[in-house]
Structure formats: C-alpha cells, structure tokens
Amino acid sequence: MAEGRDCDVAIVGGGLAGGLIALALARQRPELAVLLIEAGDTFGGNHLWSFFDSDVAVADRWLVDPLICHRWEGHDVLFPRFCRHIGGAYQAITSERLDAVLREALPPERLRTGCKVLAASSTAVILAEGGRIDARGVIDARGPGNLAQLELGWQKFLGRELVLSRPHGLRWPIVMDATVEQIDGYRFVYCLPFAEDRLFVEDTYYSDTRGLDAGRLGSRIEAFAAARGWSIEGVGREEAGALPVLLGGDFEAYWRSGGNGVAKAGVRAGLFHPTTGYSLPDAVRTASFVAALADVSGAALHAALHAYAGAAWQARGFYRLLDRMLFRAAIPDRRRDVLERFYTLDHRLIGRFYAGSSTLVDKMRILSGKPPVPIRRALAVMREDLRA
Ligand SMILES: Cc1cc2nc3c(=O)[nH]c(=O)nc-3n(C[C@H](O)[C@H](O)[C@H](O)COP(=O)(O)OP(=O)(O)OC[C@H]3O[C@@H](n4cnc5c(N)ncnc54)[C@H](O)[C@@H]3O)c2cc1C
C-alpha cells in the first residue's frame, strides 16, 4: 500500500456486490489492502438471494459455495395448463451467512460497519461521522443510483418464512406457482422448503407501479397457505422489495447519477437482469472481473467497470425488448400466458435466460411461434424500438 493512503481498494456498500468483490479480492489478491465500508450494523442487509446452478460459471463456484445455506437438486413451475419439474440445483444465500463469511475472510480492521458514507470520488471516501478515507481506488456499490434515468416496470414481493404445525409435503422449491389469481399484472407465488415443517413463501407480481401494500400481500400469503391446508404456527424472516424491470433508459445518464468518474458495481452499475431484477449472477461475474484487474487505481477501476457495465447493457437489449412486450404489448391480465409459453421451452434455454446469457438461437426461439400478445400492440412496441 502506498504511503499516505488508508487502503488500496475502498469498497463502499457491503451488500451483495460489494461483499462479493471484497471476498474475491481477499482470496485472489491478498497483497491488496481492501476496506469494506457499510452503513448498516451487518453486511448484506436482510436478504435471501436465490440462484440457479447455471447462473454461476464453474470457475466462479469457489466464491459462492461457502455462502450457500440451502440447496435443492431441482425445482418446479406450475401454470394453469401444466406443471413442470426442472433439474439442476437451485440454491439460496442469506445475508447472515454473507456477513459471517466476510468476517472470517477479512481481518476486522478491513471491515467497517455502522459507517455511513456521504460521498465517494475515485480515490477518496467522505464519512458521515467525519473524516475521510484515501484509497488507490474506490468502488461504489451502494445499491441503486437514480432509477428515474431508467424506464421501468416492477417486480414486487413480500416473502415470509412460515413455521407450520405439520409437514408441508413440498420436496422442491416452486419458483413460480402461477395458478393463483392474477392481480395487478402477472402474479405468482414462490416457495422454498427449508425443512419439512418450515418454508419460505413469497407473493410476487409484475406490476406497472412501484408501490407495495405489504398488508395485502401478507393476507395473500395466509390465504395461499390456507388453500394448501397449511396451518401457520409462527413466522420467521420476512423480506419485501420492488425490483426494477428494465424496459429502456439511458445507461450513461444512469451511470453518472451514481457518481461521476467513480467505479461502480452491483445495481448501481446497472448490473442486474433486466427481466427479473436479480443481480447475483452479475455480482459474481463482476467480483471475478475486478479481482483479475492488474491496475486498481481509481481511474483504471472506473474505466474498466464502466466499459464492463456498458457492454453488459448493450448485450441485453433483447431482454429489454421482451420486457416492453410484457409490459406494453401484453394485456396485463394475459401476462401469465407469455410466461407459460416461455416455460414450455428447453430447460437449458431457460437456464441461459436467467443467467443473462441467451444465445442468438435462444432469442429466435423465444420470439418464434405465435406470441401470446396482440399483434398490433407487439408491432407498436417494435416500431418504437426501431425509432429509438
Ligand atoms: C428482498 C430482496 C430479495 C432479493 N432476492 C434476490 C434473489 O433471490 N436473487 C438475486 O439475484 N437477486 C435478488 N434481489 C435483487 C438484487 O440482487 C439485490 O437487491 C442485491 O442485494 C443488490 O445488490 P447490490 O450490492 O447492488 O445492493 P445491496 O445488496 O442493496 O447493497 C448495497 C449496500 O450499500 C449500503 N449502503 C447504502 N448507502 C450507503 C452509504 N451511504 N454508506 C455506506 N453504505 C451504504 C447498504 O446498506 C447495502 O448494504 C433481491 C432484492 C431484494 C430487495
């Protein structure tokens, strides 16, 4: 570490993206002094991050394997016209585990919690409590920048861990139970069986608006459990969110909104799946990418991460087009038909879709056939696309 500096790399925001970068640097670049700065009392916030095996490259497994708390060797999807079991592992990571693994991997002086950052430049961080941290390079991973720069729909949810009086009988996660009543757009219930009498149930829907009525979603979870004959004895963790679904927007303006000239990672860098709002696959890839960079000066980190996130944005125009089809062309009540058709496709194509790595053939396959959207509305979306 050069004299006069507090660290080599200061990472602002100890959530998913910042935490994974810190872990990757600690393991692959032990010569670098890394400082992870988090406003909350623990790293990771309150999350249960789930992902498919196919979301993470084999070469990056070492980064996520120690974080996995639950693993299932397959999952189900349920639609009115069919149920389908899909093989391949599905896994979940909790914030608590991310916090614990970070504290094992980095010495205490490299981890700061309860430390709010007021401002970050490419080489310095200003703390709310007073004082500044000078670094060779800074990465800002404080979560979303100014989302007003983006054209968005929303995936909203409330999830609750339920403790039941009797076994629920589920063997696999249900990543989409779309047999439920469709309300305010595409709605489905997501279930993760943690133990035979304990499961996580999330009421989720794709909506045009961001607002979330937690009380109403809570009642829907209770109704879903009752309809399945599950009697709830207690409630464990609970999480709610409104994840951005990207329809379009200005990548450069969004990037600048998170701090001009500062390297960024995670949702702040626009590195999330346009259709699901999930960012774990990107966060793993980004951490691996950062750990392989020879130059970690502020300017070099900014240039590298800006180019990396910009390339990901460019490559994902197809998903934004699909999102516009879903939100603009599909009639809200019939959005479920779009997903139902998607889930009839080959499971490897589905895996690549969620990993954000669809091939050209996948894209043609997804768009081919008779789309379950009114053709006039689909053409209007396409025309807008050509004009943009
Ligand atoms: C409830 C919920 C569940 C989700 N589930 C999944 C999932 O299953 N799979 C998936 O892939 N994605 C999931 N997502 C979407 C996305 O992956 C997460 O939002 C993910 O945590 C985003 O990562 P991030 O690092 O960009 O932001 P965050 O994880 O939110 O991290 C940002 C961190 O910065 C800190 N911070 C903010 N401001 C400051 C400041 N001024 N000073 C210091 N620190 C600051 C915050 O406290 C936070 O810890 C979920 C999102 C939510 C909200």
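Modeller: Partly exposed means a relative accessible area between the buried limit, under 20%, and the exposed limit, over 50%. Keep that in mind for this predicted model.

Colleague: Why is Phe-289 called partly exposed?

Modeller: Its relative accessible area is 25%. Buried needs under 20% and exposed needs over 50%. So Phe-289 counts as partly exposed.

Colleague: What makes Phe-289 and Tyr-308 a stacked pair?

Modeller: A search of the whole structure gives 20 aromatic pairs. In the pair of Phe-289 and Tyr-308, the ring centres lie 4.4 Å apart, with 25° between the planes. Pairing needs centres within 6.5 Å, and stacking needs planes under 30 degrees apart. Both conditions hold, so the pair is stacked. The pair links distant parts of the chain: Phe-289 sits in helix α6 and Tyr-308 in helix α7, 19 residues apart.

Colleague: Why is Tyr-308 called partly exposed?

Modeller: The value for Tyr-308 is 22%. Buried means under 20%, so Tyr-308 is partly exposed.

Colleague: How do you know that α6 is largely enclosed by the rest of the structure?

Modeller: Count the buried residues. Nine of the twelve in α6 are buried, so the helix is largely enclosed. Among them are Leu-280, Asp-282, Thr-286 and Val-290.

Colleague: How do you know that the span of α6 agrees with 1.5 Å a residue?

Modeller: Twelve residues should span 16 Å, and the end C-alpha atoms are 17 Å apart, which agrees.

Colleague: Which classes of residue make up the contact of α1 with α6?

Modeller: The axes of α1 and α6 come within 8 Å and cross at roughly 35°. Their contact has twelve nonpolar residues, one polar and no charged ones.

Note on methods. Residues are numbered from 1 along each chain as its sequence is written. This is a predicted model: local features need pLDDT of at least 70, side-chain atom pairs count only at pLDDT 80 or more; totals for chains, interfaces and linings use all residues. Side-chain values use heavy atoms; hydrogens and water are left out. Axes are lines fitted to C-alpha atoms, for helices over the stretch in contact, and angles run from 0 to 180 degrees between N-to-C directions. Helices (H or I, at least four residues) and strands (E, at least two) are DSSP runs, numbered from the N terminus. Ala, Val, Leu, Ile, Met, Phe, Trp, Tyr, Cys and Pro count as nonpolar, Asp, Glu, Lys and Arg as charged, and the others, Gly among them, as polar. The expected span of a helix is 1.5 Å times one less than its number of residues. Buried means under 20% relative accessible area, exposed over 50%, partly exposed in between (1.4 Å probe, protein chains only). Rings of Phe, Tyr and Trp (its six-membered ring) pair if their centres lie within 6.5 Å; planes under 30 degrees apart count as stacked, over 60 as edge-to-face and the rest as tilted.
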